[in-house]
Amino acid sequence: INRDESTISTGSSKDEIFQLTQTFNHMALSINQKLSDLETERAKLSTILQEMSDGVIITDRQGTIQLINKAAINLFEVSQAEPIGLTLIEVTRQHQIVELLESCAKNNKTQKVSFEILKTKQFVQAIASPGSDAMPSLFLFIFHDITQERKSELTRRDFISNVSHELRQPLAAIKLLSETLLDGAFDDLPSAKHFLQQIDNEVDSLNNLVNELLELSRAEAGHINLELRALNSLDLFEKIYERLHLLAEQDNINLVIDCPSVLPLIKADKLRLEQVLMNLVHNAIKFSHPGGEILMKAEVGEAELIFSVHDDGIGISEEDLPLVFERFFKADRSRSGVGTGLGLSVARYMVEAHGGKIWAESRHGMGSTFFFTIPFLNSPLTLP
Ligand code: ADP
């Protein structure tokens, strides 16, 4: 305000005009400061909104987009360059969100819905709320990706149903056998012995299942305490041979150790590694044809020993191969018989806990080879 142009006609004194001018100038300064503060606040809110991992959309009652953040654009793979002004259905292509808006507007209350985006296979929970006093007649949508939670929930349900199934089978057999004994078979000694032997086998398989479940749950909770020591793999092979060659011979299967006479020491928990190798060789026997051959091998890698168990048995189909290390997976339930489908997942945990890797190569009808690696004790030059 220019003092000289002020209203002399009012008769105000020069001092009053000066004071008025000062007051106006202060007001102007304070308004400018407030505008700048507001702008800073707006920029902060906008950054938070854009950087949020949850998607946010604001619409009016008709579902016209007033605001959409980066996460929502990515979630719905919005292709339009300027989504503001478009409708919810045009932008999200999910009819559930339009229904959610209708229900939220009708009840004037927060509403929720979960749905799957078919294209990306993501599960999303959408929460719609009517705008507060600050934004009347507007609706706020928040989209939260729940794909992971849903997967864990399904895995948990699968797990429970698989465990129940695996427990029920031997329990039903034991029940049947004990009923037969009670119904009179007990008095016939040879039959009684036979039934008791079968009960004993079923109890063994239940024991096996419970042990593998315990191992698995310890492993998944990260509670495997390995007793790592220097280990000579030749001793390991001999131990496995001793324990399993009779079982192999029953099916006329030849069990062969094929490795150099001197091997670098590895750093391993003897019992756990025995368990891994036992499982692989036992599987190889189980899935081999009579007259087949199983090769237990160890080769020297760069910083680790590469173990392998090769069989010329039934093999694994291309679609089953990636699944064999999954919990409870059995390609052929009738052939796996007493197997739990847990052995290879336990083996995977054990090998990984040693810092190694495990994998399989196979073709349907052409045999299988299971490999795993265990790091050397110190360096590739450490010899027993
Ligand atoms: P189990 O042997 O108790 O069923 P595993 O976890 O050890 O459980 O194996 C899972 C599945 O992988 C087996 O049921 C079988 O279908 C397949 N598999 C494992 N090893 C072999 C093998 N050497 N040859 C063919 N299939 C195999």
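Me: Is Phe24 buried, partly exposed or exposed, and what decides which?
Reply: This is a predicted model, and the label comes from relative accessibility. Buried means under 20% and exposed over 50%, with partly exposed in between. Phe24 has 41% relative accessibility, so Phe24 counts as partly exposed.

Me: Where does Phe24 lie, and which residues make a nonpolar surface patch?
Reply: Phe24 is part of helix H1, residues 14–51. Leu20, Phe24 and Met27 make a nonpolar surface patch of about 300 Å².

Me: How many bridges join E4 to E5, and which residue stands opposite Ala126?
Reply: Strand E4 (residues 122–130) and strand E5 (residues 138–145) run antiparallel and are joined by 7 bridges. Opposite Ala126 stands Phe143 in E5.

Me: Why is strand E12 described as largely enclosed?
Reply: Count the buried residues. In strand E12 (residues 368–375), 7 of the 8 residues are buried, so the strand is largely enclosed by the rest of the structure.

Me: Which strands pair with E12?
Reply: Strand E10 (residues 304–311) runs antiparallel to E12, with 8 bridges joining them. Phe307 stands opposite Phe372 in E12. Strand E11 (residues 358–362) also pairs with E12 in the antiparallel sense, over 5 bridges, and Ala360 stands opposite Phe370. The hairpin of E11 and E12 has 5 residues between the strands, and Gly365 there takes a positive phi near 80°.

How values were computed: Residues numbered from 1 in each chain as written. Predicted model: local features only at pLDDT ≥ 70, side-chain atom pairs only at ≥ 80, totals over all residues. Heavy atoms only, no water. Patch = residues over 30% accessible without salt bridge, like charges linked within 9 Å, V, L, I, M, F, W, Y side chains within 5 Å. Areas by Shrake-Rupley, 256 points an atom, 1.4 Å probe, with all protein chains shown as cover. Salt bridge = Lys/Arg side-chain N within 4 Å of Asp/Glu carboxyl O. Helix = DSSP H or I, 4+ residues; strand = E, 2+ residues; numbered from the N terminus. Buried < 20%, exposed > 50% of the residue type's maximum accessible area, 1.4 Å probe, protein only. Pairing = 2+ DSSP bridges.
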